[in-house]
Every structure is written in structure tokens, then in C-alpha cells.
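Try each task before you read its solution.

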Amino acid sequence: MRKILSNSLAAAVLALSAHAASAVDSIVPFTGVVTSTCVLTVGTPGVMSASTDFTNLSSTNAGGVAGTVAVLSTGASFKVSAISPTSFTTAPAGGGDAVSFNALYQGSGATSIGSTPGATPTTVNTGLTNLSVNLNAQKSTGTFPAGAYASEVIVRCE
């Protein structure tokens, strides 16, 4: 009896291995959502240098450097602007008196933007736009005294 059972079991295993195994599939669903957003990333901070007559501090003067901001937009309904400051955040005594500020920006990449006054909003295309932001501080009377100056331009995407 044992031999018969063992022979039957061996025959069943042999019969099963003679048939090809069938493949089994399963579907794994995936979903995703991209929200319409605008992301600003400051790259290089700007540097203002003095004009030869010391009445102007600007990133466009010799030795000045424009600030850079990367604008990543996932929807074409966003507008970018660069809001001029109203004062220095750091200045020596008298350095911030009788000063007016003017920000300008330009862009390349997904959106090509020529030199634009900071307060003027520009629609950005979907994708990455690289902004170059300049700041000009003009003294209407006198000259800028020696010392450290700092200010901030607000880049806005709305």
C-alpha cells in the first residue's frame, strides 16, 4: 500500500510539472495631481556699487551685480513683479536721506522678458523663467556717505 501511494504521489507531481504554469496579472493603479503653483528660488544676491559722483548706488554700475531668481510656474496664469524698497535696511547716518529706489527685472527661459520696471507685472509661461533683478538707489541731494548699505527687492509671483 505504501508503494502504491508513493507511486501515485510521484505520478501526480510528474503530471503537474508537465503542464506549463499560467501567468497571473494584477493591475496596480497610480494617480497624481499637479497643482497650479509658482515657486520662487533666489539664486545670487545683488550687489550695488557707487557711481563715480557717489549720488547713485546701483547693481547696474561698474562693479555691481544683478540678483537672480528662478521662477518655476506650473500654470500660465501667474504674473511676476519686483517691488522696489522704500528704504535701506542698513545704511550709515544720513545715507538713507533723500533716496528714491527703482527696481528693474528681465527674464529668459520659458518667458522672455525685456528690461521691465519692477512694479509692472509680467505673465510668465509654464516652465522655468530665470529673472535678473537690478536695484537703483538715487540720492536727490548730497552724496552717499561711506559705509555699508543693504536693501531688499521683493519678487512676487501671483
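**Exercise 1: the pocket lining**

The lining of the largest pocket splits into 15 nonpolar residues, eight polar and one charged. Ala, Val, Leu, Ile, Met, Phe, Trp, Tyr, Cys and Pro count as nonpolar, Asp, Glu, Lys and Arg as charged, and the others, Gly among them, as polar.

This is a predicted model, where local features need pLDDT of at least 70 and side-chain atom pairs pLDDT 80 or more, while totals for chains, interfaces and linings use all residues. Residues are numbered from 1 along each chain as its sequence is written, and side-chain values use heavy atoms, leaving out hydrogens and water.

**Exercise 2: the disulfide**

Find which residues the disulfide joins (sulfur atoms within 2.5 Å).

- Step 1: searching the whole structure turns up one disulfide.
- Step 2: its partners are Cys38 and Cys157, with S to S at 1.9 Å.
- Step 3: Cys38 sits in strand β1 and Cys157 in strand β10 (residues 154-157), 119 residues apart, so distant parts of the chain get linked.
- Step 4: the link is right-handed, with 100° about the S-S bond.

**Exercise 3: Thr122**

Is Thr122 buried or exposed (under 20% relative accessible area or over 50%, partly exposed in between; 1.4 Å probe, protein chains only)?

- Step 1: Thr122 has a relative accessible area of 18%, so it counts as buried.
- Step 2: the Thr122 side chain makes a polar contact with the side chain of Tyr105 at 2.7 Å (N or O atoms within 3.5 Å, one able to donate a hydrogen and the other to accept it; residues adjacent in sequence count only if both atoms are side-chain atoms).

Technical notes. Helices (H or I, at least four residues) and strands (E, at least two) are DSSP runs, numbered from the N terminus.
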